[in-house]
Amino acid sequence: MDILGVDIGGTGIKAALVDTQQGELTTERERILTPQPSTPEAVIAVIQELVKHFNYHGPVGVGYPGVILNGATMTAANLDQGWLNFPGAQAIGEATGCPVSLINDADAAGLAEMRFGAGRDKMGVVLILTLGTGIGSALFVDGRLVPNTELGHLHLPGQKKDAEFRASERARIEKNLTWPEWAANLDEYLHYVERLFSPSLFILGGGGAKKAHKFLPLLTVRAPVIPAALGNEAGIVGAAMAAES
Ligand code: BGC
């Protein structure tokens, strides 16, 4: 059975039906701009609209850009602060009439990449980073996810702000950085993360990884760095995978 996957982002909320056995979307992707302010009420109204659009009844998997514990949203770096400590899975479930599984958005993208994409059959410590509005991270050890790692919020030595303010796709665009300038920020960040986790592989996804050829050759970390294979769809596919029973 196809499962509805939803990916809540800082700028857009995307959804599609997913064949979770094949890791493929079976419908067009529907995208609605993230309401501003992005309160739980406003975002949940959009998810309701998406469920209606697909005329869907069944389990829904939702990727959310923050820490998820027991179905509650605990942080909200790029969304309204109303999501702090909010019973997200329950509230979305009540609004849509569907059972809801909530998962961190990068963890969702990571699940999809590890099963169907660039991380397939990769053992050891694999770190997937999504470069978008923020930086998301999904850490896998021999194929098993360590959830909620939130490595975009690391502070590099001597820096006052979270790493995602310098090395995300948004940072590149908003600060008008050239590819080499942005690659230098990203490289500095990857070196720091490499010192902490010594991964055997980095996989870069999210909007920022679309033009991988512009910056991958400029990175100097020890571990190989490869682009994600599923592109923007990974978040939706992985969210649906999280709702598989
Ligand atoms: C959030 C993470 C999320 C990432 C990408 C960060 O600001 O804290 O939970 O995975 O952005 O959306």
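**A helix contact and its surroundings**

Modeller: In helix H1, the residues Ile44, Ile47, Gln48 and Val51 meet Ala91, Ile92, Ala95 and Thr96 of helix H2, where contact means heavy atoms within 4.5 Å. Six of the residues in this contact of H1 with H2 are nonpolar, two are polar and none is charged. Here Ala, Val, Leu, Ile, Met, Phe, Trp, Tyr, Cys and Pro count as nonpolar, Asp, Glu, Lys and Arg as charged, and the others, Gly among them, as polar.

This is a predicted model, in which local features need pLDDT of at least 70 and side-chain atom pairs count only at pLDDT 80 or more, while totals for chains, interfaces and linings use all residues. Residues are numbered from 1 along each chain as its sequence is written, and side-chain values use heavy atoms, with hydrogens and water left out.

Helices (H or I, at least four residues) and strands (E, at least two) are DSSP runs numbered from the N terminus. H1 covers residues 40-53 and H2 residues 88-96; they pack at an angle of about 45°, with their axes 9 Å apart. H1 is therefore oblique to H2. Axes are lines fitted to C-alpha atoms, for helices over the stretch in contact, and angles run from 0 to 180 degrees between N-to-C directions. Angles under 35 degrees count as roughly parallel, over 145 as roughly antiparallel, 65 to 115 as roughly perpendicular and the rest as oblique. The crossing of H1 past H2 is right-handed, that is, the near helix is turned clockwise from the far one by less than a right angle.

Pro37 sits in the loop between strand S4 (30-33) and H1, and the peptide bond from Gln36 to Pro37 is cis, with omega near -5°. Asn85 lies in the loop between strand S7 (72-73) and H2; although Asn85 is not a glycine, its phi is positive, at about 55°.

Finally, there is the ligand. It is surrounded by 13 residues, the closest being Asn104, Asp105, Glu150, His153 and Glu164; a residue is near if one of its heavy atoms lies within 4 Å. A polar side-chain atom of His153 is 2.6 Å from an oxygen atom of the ligand, and one of Asn104 is 2.9 Å from a ligand oxygen atom.

Notes:
A polar contact is a pair of N or O atoms within 3.5 Å; within protein, one must be able to donate a hydrogen and the other to accept it, and residues adjacent in sequence count only if both atoms are side-chain atoms.
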